[in-house]
Amino acid sequence: MFDNACTVVLDLVPHCSSSPRETWRDHDDLRPLSEEGMRQADVLAEVFGAGVDGVYSSPSLRCRQSVVPLAKVSGLAVVDEDRLREARGFGEPAAWTEGVFRPIGPSLGGAWAAGRALGALVEIAARHQGGHAVACSHGDTIPAVLTYLAAAHDCPLPPVVGRGSWYRLRLEGGRLSMTALRPTETV
């Protein structure tokens, strides 16, 4: 998992408020932020300022739009990270979520989503040793990875945050702490 010598701050941002899924008729990856979500993204950029050295995102438009203002303020490009994609009902890996595994399929799918996102976060942490990176993902993927990390590192889960807020992971010498933050709180 994370290198025991790794010291880094990783902020996990659930994408800001988006257009309603129920009324969206195009491919879900193209679903944009709502007007409220665009305001939330601007506030996140103000709160974080130029104090980050990496900005990562699920390739979904709503995730990218959530961190583009931050990337601009920081003078960075948004790096697409496919492993931060939405879990979409925790149906992966299909062979292990169907048939005899159907009763526990969502649990296995959640483990798959957590493992996929964790792989991305481990690489991001290694790239930003001693720094501060932000990664934007989805409202199903982030809870799966946070739950896995809380169990693996024997630390409490942070409180649930709403859109426009984020989770801070602080790694220091193999120890992990997780905090829920809102724009009104200090970074």
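Apart from neighbours within four places in sequence, Gln-65 is in contact (heavy atoms within 4.5 Å) with Pro-32, Leu-33, Met-38 and Ala-41. Gln-65 belongs to helix α2, residues 61-74; helices (H or I, at least four residues) and strands (E, at least two) are DSSP runs numbered from the N terminus. Between Gln-65 and Leu-157 there are 92 residues of separation in sequence and 27 Å in space, C-alpha to C-alpha.

The model is predicted: local features need pLDDT of at least 70 and side-chain atom pairs count only at pLDDT 80 or more, while totals for chains, interfaces and linings use all residues. Residues are numbered from 1 along each chain as its sequence is written, and side-chain values use heavy atoms, with hydrogens and water left out.

The chain contains 5 helices and 6 strands, in the order β-α-β-α-β-α-α-β-α-β-β from the N terminus. Its radius of gyration, taken over C-alpha atoms, is 16 Å, close to the 16 Å from the globule rule for 187 residues, so the chain is as compact as a globular protein of that length. That rule is 2.2 Å times the number of residues to the power 0.38. Along the principal axes, the C-alpha atoms fill a box of roughly 50 × 45 × 25 Å.

Helices α4 and α5 pack at about 80°, with axes 8 Å apart; axes are lines fitted to C-alpha atoms over the stretch in contact, and angles run from 0 to 180 degrees between N-to-C directions. The two helices are therefore roughly perpendicular (65 to 115 degrees). By class, their contact has 9 nonpolar, 2 polar and 1 charged residues. Here Ala, Val, Leu, Ile, Met, Phe, Trp, Tyr, Cys and Pro count as nonpolar, Asp, Glu, Lys and Arg as charged, and the others, Gly among them, as polar. On the α4 side the contact residues include Ala-117 and Leu-121, and on the α5 side Thr-141 and Val-145.

A search of the whole structure gives 1 cavity of 30 Å³ or more. On a 1 Å grid over the protein atoms alone, a cavity is a set of points where a 1.4 Å probe fits but cannot get out; a pocket is an open set with protein on both sides within 12 Å along at least five of seven lines, and lining residues have an atom within 4 Å of a point. Helices α4 (105-127) and α5 (141-153) each supply at least two lining residues of the largest cavity.

| Space | Volume | Lining by class | Most from |
|---|---|---|---|
| Largest pocket | about 190 Å³ | 10 nonpolar, 4 polar, 1 charged residues | α5, 4 residues |

Volumes are the space filled by probe spheres set on the points, with grid points joined across faces, edges and corners. Of the 15 residues lining the largest pocket, Pro-143, Leu-146, Val-160, Val-161 and Tyr-167 lie nearest its centre.

Notes
Parallel < 35°, antiparallel > 145°, perpendicular 65-115°, else oblique.
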